[in-house]
Amino acid sequence: MWVRFCTVLLSLSVFTTSYAAPKQQVLLLTYHLKAPYVIDWAEQRGLYFDLAVYLNHKTDKYQFTTELMPRKRLDALLAEPFTDVVAGVQPGWFKPLADKMVFTAPFLHDQDMFVSDARKPVRDQDLARLTGKTFIGSQGYKYKGIDEAVAAGTLERVDTLQEDYVLDMLRLGRGDFTIISSSTLSYKFSQGEQARHFYVATTPHDVIQRRFMLSKTDPQLYQFLQQVIRQMPVDQEWQFLLAKYQIQQAIVNP
């Protein structure tokens, strides 16, 4: 009887010491369906998929999974109590949510570039001088200055389903110019897109500081992300990922 009792105690002890609390599941949401962030959704290829794996390597508390979500659906989700993280955004894109959401420090630098067909270059970025031009945009995206010009009727806008297609639209003559992230442009040129076919303005349309956005109700998750971001510039794993997607210039200096 005493032997059986000791065996039971030992079994309970082993179970207790080996038990690990379940990880908090966190969705890493993005509506940016564009390379290099999302290259192939079905095959889960792209920087934001690797970013979830990278974050998981840094914690025993959270389990991150990347999920693509259209902007309209994301806006509806953000109107409710929110427990996940939106990746790669900046405060100006979500001004109505300033009272309930918090933004981390930037983990990537990016730029939005004016691009046009090299055969018909649009060299002037002054929107007041682009009256009557057609702008090629991406569905669900907001563009500083462009949206106002379209609303005023001085510019026309046609949209593609995703930013990856805007260069194709330029080649087909569906518009006069577009705006594309420099990270996307660098990756596409590295994958065989012919840079000589396009005129890229030297002055960026906008400078992007890509951050994480999450609810103010989860300060521990916020602190974890901030801690990871502080280490990213000197982390070889992160530098390898940026090199993998040809966006080394996007690194944030400590």
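## Aromatic pairs, helix packing and a buried strand residue

Phe-49, at 6% relative accessibility, counts as buried, a term used here for residues under 20% relative accessible area, with exposed meaning over 50% and partly exposed in between, for a 1.4 Å probe and protein chains only. The model is predicted, so local features need pLDDT of at least 70 and side-chain atom pairs count only at pLDDT 80 or more, whereas totals for chains, interfaces and linings use all residues. Residues are numbered from 1 along each chain as its sequence is written, and side-chain values use heavy atoms, with hydrogens and water left out.

Of the 254 residues in the protein, 45% are buried. The secondary structure comprises eight helices and ten strands, taken as DSSP runs (helices H or I with at least four residues, strands E with at least two) and numbered from the N terminus. If contact means heavy atoms within 4.5 Å, then 73% of the contacts between residues at least 6 apart in sequence join residues at least 24 apart.

**Aromatic rings**

Rings of Phe, Tyr and Trp (its six-membered ring) pair if their centres lie within 6.5 Å, and planes under 30 degrees apart count as stacked, over 60 as edge-to-face and the rest as tilted. Under this rule the count is 15 aromatic pairs, and the table gives two of them.

| Pair | Centre to centre | Angle between planes | Class |
|---|---|---|---|
| Trp-41 and Phe-49 | 5.4 Å | 40° | tilted |
| Tyr-62 and Phe-64 | 6.0 Å | 50° | tilted |

One aromatic cluster is formed by Tyr-31, Phe-94, Phe-114, Phe-135, Tyr-141, Tyr-143 and Phe-177. A charge sits over a ring if NZ of Lys or CZ of Arg is within 6 Å of the ring centre and within 35 degrees of the ring normal; Arg-71 lies over the face of Tyr-31 in this way, at 5.1 Å from the ring centre, and the charged end of Arg-123 sits 4.8 Å from the centre of the ring of Tyr-199.

Val-115, a residue of strand S5, is buried at 1% relative accessibility. Leaving aside residues up to four places away in sequence, Val-115 touches Leu-167, Leu-170, Phe-177, Thr-178, Ile-180, Leu-185, Phe-198, Tyr-199 and Val-200.

Helix H6 (residues 182–190) has Ser-182, Ser-183, Thr-184, Leu-185, Tyr-187 and Lys-188 as its buried residues. These buried residues pack against strand S5 (108–117), helix H5 (166–171), strand S8 (177–181) and strand S9 (198–200). Gly-192, which follows H6, has a positive phi near 110°.

**Helices H2 and H8**

Helix H2 (residues 47–56) and helix H8 (residues 236–244) pack at an angle of about 170°, with their axes 11 Å apart; axes are lines fitted to C-alpha atoms, for helices over the stretch in contact, and angles run from 0 to 180 degrees between N-to-C directions. H2 and H8 are therefore roughly antiparallel to each other, the class for angles over 145 degrees. Leu-47, Asp-50, Leu-51 and Tyr-54 of H2 make the contact with Glu-237, Trp-238, Leu-241, Leu-242 and Lys-244 of H8.

Technical notes
Parallel < 35°, antiparallel > 145°, perpendicular 65-115°, else oblique.
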